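Have it open beside you and follow along!

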Amino acid sequence: MANSGFQLLGYFLALGGWIGIISTTVLPQWKQSSYAGDAIIMAVGLYEGLWMSCASQSTGQVQCKIFDSLLSLDMHIQTCRALMIISVLMGFIAIIVSVVGMKCTKVGDNNPSTKSKIAISGGSLFLLSGLCTLVSVSWYATQVSSHFFDPNTPINARYEFGPALFIGWAAAILMMLGGSFLCCSCVNDERRGQQFYRQSQPSTAREYV
């Protein structure tokens, strides 16, 4: 019963992380214009994400422009796009696989060993999905910070971390934590099953003697 609760906790943590990963992927605030140092405070705030760049005016009006050409984008943006899409797809597959493998569901209930292996597969996919997001967000953040501290970058052209990066880090942690919970709970079940089998073998042998 305790392991079932542990699996449910891991599943809902990973589910929350997956929703956060989707939000991170579509949000345009991966980086935002910086007002640090001697930068002139403008009436327009600039944001940029994986798919579009936006300008927010002091009046509340927001104008966004979708990136037209894929090949004209920087390599790190193209790679981050690919990693985030892979992460979302793997998370979706992991959600379905984990539902089949968890103890609280009736699918595959006749074969506990197979059910446990399926749950471990779902947890592993959650871990890989969170890892892809973590790599993507961290790489993008590294690019932002390197341009910020580059002395050749004009002060008014510098960017800082946007809210989407922090959402991405939190989502990746939730996803990896949930996947770890799923894997650990199933591994403990398999170990208990093996110990029970080993303990039951001598008594069975004595009965035949």
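**Entry 1: Phe-92.** I started with Phe-92 and found it in helix H2 (residues 75–101). Helices (H or I, at least four residues) and strands (E, at least two) are DSSP runs, numbered from the N terminus. The model is a predicted one, where local features need pLDDT of at least 70, side-chain atom pairs count only at pLDDT 80 or more, and totals for chains, interfaces and linings use all residues. Residues are numbered from 1 along each chain as its sequence is written, and side-chain values use heavy atoms, leaving out hydrogens and water.

Buried means under 20% relative accessible area, exposed over 50%, and partly exposed in between (1.4 Å probe, protein chains only). I then saw that Phe-92, Ile-93 and Ile-96 make a nonpolar surface patch with about 280 Å² of accessible area together. Accessible areas come from the Shrake-Rupley method with a 1.4 Å probe, and for residues only the protein chains shown count as cover. Patches take residues with over 30% relative accessible area and no salt bridge, joining like charges within 9 Å and nonpolar side chains (Val, Leu, Ile, Met, Phe, Trp, Tyr) within 5 Å.

**Entry 2: the whole chain.** I listed 4 helices and 5 strands, in the order α-β-β-β-β-α-α-β-α along the sequence. Of the 209 residues, 36% are buried. The chain exposes about 11900 Å², and carbon and sulfur atoms supply 66% of that.

**Entry 3: confidence.** I checked pLDDT, the predictor's confidence in each residue, from 0 to 100. The chain has a mean of 82, and 82% of its residues reach 70 or more. Among the elements, H2 has the highest mean pLDDT (93) and helix H4 (residues 163–208) the lowest (71). The pLDDT is below 50 over residues 192–201, a stretch with 1 contact beyond near neighbours in sequence. Contact means heavy atoms within 4.5 Å. Residues 203–209 also stay under 50, with 0 contacts beyond four places in sequence.

Entry 4: I found Ser-23 in helix H1 (residues 2–26). Ser-23 counts as partly exposed because its relative accessibility is 31%. The C-alpha atoms of Ser-23 and Ile-167 are 7.9 Å apart, although 144 residues separate the two along the chain.

Ser-129 sits in helix H3 (residues 112–148). Why does Ser-129 count as buried? Its relative accessible area is 0%. Leaving out residues up to four places away in sequence, Ser-129 touches Ile-21, Ser-87, Met-90, Gly-91 and Met-175.

**Entry 5: salt bridges.** How many salt bridges does the structure hold? I counted 2, each a side-chain nitrogen of Lys or Arg within 4 Å of a carboxyl oxygen of Asp or Glu. One joins Glu-48 to Lys-31, with the closest N and O atoms 3.8 Å apart. Glu-48 is in strand E2 (residues 44–48) and Lys-31 in strand E1 (residues 31–33), 17 residues apart. Glu-48 is buried at 17% relative accessibility, and Lys-31 is buried at 17% too. Lys-65 pairs with Asp-68, the closest N and O atoms being 3.2 Å apart. Asp-68 counts as exposed because its relative accessibility is 69%.
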